[in-house]
Amino acid sequence: MKLRVDLAGKSHSYDVLIERGLLGSVGKWVSSLWAAQKIAVISDDLTASFYAEKVMSNLDKAGFDASLFIFPSGETSKSIATAEAAWNFCAAQALTRSDGIIGLGGGVVGDLAGFVASTYLRGIHFLQIATSLTAQVDSSIGGKTGLNAAAAKNMIGSFAQPDGVLIDPDVLATLDERCLREGMGEVIKCALIADAELWDKLDKMSGNDILDNADDLIAYAVNVKRKLVMEDEFDNGSRLLLNFGHTIGHALEATAGFGELMHGEAVSIGMVQMTRAAENKGLVKKGLTDKISDMLHKFGLPVSYEPWEPGKIYQSLMHDKKLRGKTIQTILVTEIGKAEIHPIELNEMMDYLKK
Ligand SMILES: NC(=O)c1ccc[n+]([C@@H]2O[C@H](COP(=O)([O-])OP(=O)(O)OC[C@H]3O[C@@H](n4cnc5c(N)ncnc54)[C@H](O)[C@@H]3O)[C@@H](O)[C@H]2O)c1
């Protein structure tokens with residue numbers, strides 16, 4: 001399946017390919033997009049242990065001069081230190097502006113590789129090979145790159161679109177159970193904000209047949225994301241809806257300590273907390289919180305976190321990218337498949353953090 005991300009203005013359009021077994025023809029895919037040149041493949045050690053050999057030999061056969069940069073897997077690697085090592089690696093390989101970077105991995109690799117590509121020599125081309133469920137349903141699409149700083153999650157970053165995204169659902173077979181379930185957080189979010197049909201599909205599934213349904217779930221989620229990105233590439237309007245659960249989720253990720261909660265887990269808790277508070281205020285349908293919690297619980301996602309420290313979470317919220325002056329653009333799901341931007345004053349946010 002090929003889904004196009006059509007972007008207006010200065011950004012270019014690109015295709016997202018979703019098909020089982022695609023990783024075996026990665027060289028052909030890259031050749032269809034780039035003329036023979038140097039490539040730096042950026043991956044983490046765990047993903048690389050499964051897939052780097054296949055990708056590197058495939059690129060070699062297709063005539064590319066490809067080298068591999070590996071960093072330790074995990075959220076703490078999404079840092080300036082790793083980015084600097086990657087920039088230096090690209091320089092040591094003498095990559096020029098006509099060369100390219102490929103991110104091979106989950107969301108951490110994708111965010112980092114995209115950022116390195118968008119800043120090395122003021123920006124070179126890059127491709128995403130998404131290997132975790134979170135990356136396949138969300139992070140590889142839309143061109144947001146990012147690094148964490150001590151103060152906040154994704155504080156440093158750029159908007160930079162890849163030339164293409166390759167998604168091979170077969171690679172999910174090697175993903176650890178927790179990471180697979182984490183990816184369901186973003187799939188459920190897509191259903192909640194924009195796709196009641198996807199919600200019905202999820203409703204009919206058991207919590208244990210994620211892999212069998214992966215192709216379908218990925219296609220549904222990519223469609224939700226690409227439509228919102230095409231409407232609003234730079235996050236000034238409807239794209240903000242994708243941040244449902246993220247305001248509290250990102251702050252919780254930072255206060256819990258990066259790596260303690262996975263991104264999708266924190267978003268899961270954020271979606272429930274936000275909806276509960278909105279339901280208590282009479283802003284959304286009664287019973288919605290339980291419905292959302294039950295669905296997240298079915299797929300093995302957490303819906304609460306201890307210790308719950310509203311003061312610390314609030315402090316971390318000050319760095320939220322959805323903050324404009326003292327107003328924060330929160331997202332509310334009002335019913336399944338429908339979401340709206342709900343701007344509130346920052347100090348009102350304390351109401352949304354109460355248990
Ligand atoms: N840019 C965006 O729009 C966007 C959207 C959502 C999330 N994100 C970011 O994505 C990150 C989370 O992504 P993630 O959950 O993929 O984390 P991750 O990249 O750390 O991957 C999770 C784990 O799975 C391993 N892994 C990846 N693919 C594998 C495979 N096929 N087989 C075996 N192991 C594999 C990784 O090595 C890692 O240990 C967060 O940093 C989040 O902020 C970005």
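Me: With which residues is Val 116 in contact, leaving aside its neighbours within four places in sequence?

Reply: Val 116 is in contact with Ile 42, Ala 83, Ala 86, Trp 87 and Ile 101; contact requires C-beta atoms, placed from the backbone, within 7 Å. This is a predicted model, in which local features need pLDDT of at least 70 and side-chain atom pairs count only at pLDDT 80 or more, while totals for chains, interfaces and linings use all residues. Residues are numbered from 1 along each chain as its sequence is written.

Me: How many residues has the largest nonpolar core, and which have the most contacts inside it?

Reply: In soluble globular proteins, nonpolar side chains tend to be buried together. Here the largest nonpolar core has 108 residues, and Ile 42 and Val 116 have the most contacts inside it. Such a core is a set of buried Ala, Val, Leu, Ile, Met, Phe, Trp, Tyr and Cys residues joined through C-beta atoms within 7 Å; buried means that 20 or more other C-beta atoms lie within 10 Å of a residue's own, with C-beta atoms placed from the backbone.

Me: How many residues of domain 1 and domain 2 are in contact?

Reply: The contact involves 31 residues of domain 1 and 30 residues of domain 2. The centres of the two domains, taken over C-alpha atoms, are separated by 25 Å.

Key:
A residue is buried if 20 or more other C-beta atoms lie within 10 Å of its own, exposed if 12 or fewer, and partly exposed in between; C-beta atoms are placed from the backbone. Two residues are in contact if their C-beta atoms, placed from the backbone, lie within 7 Å. Domain bounds come from an automatic or database domain assignment.
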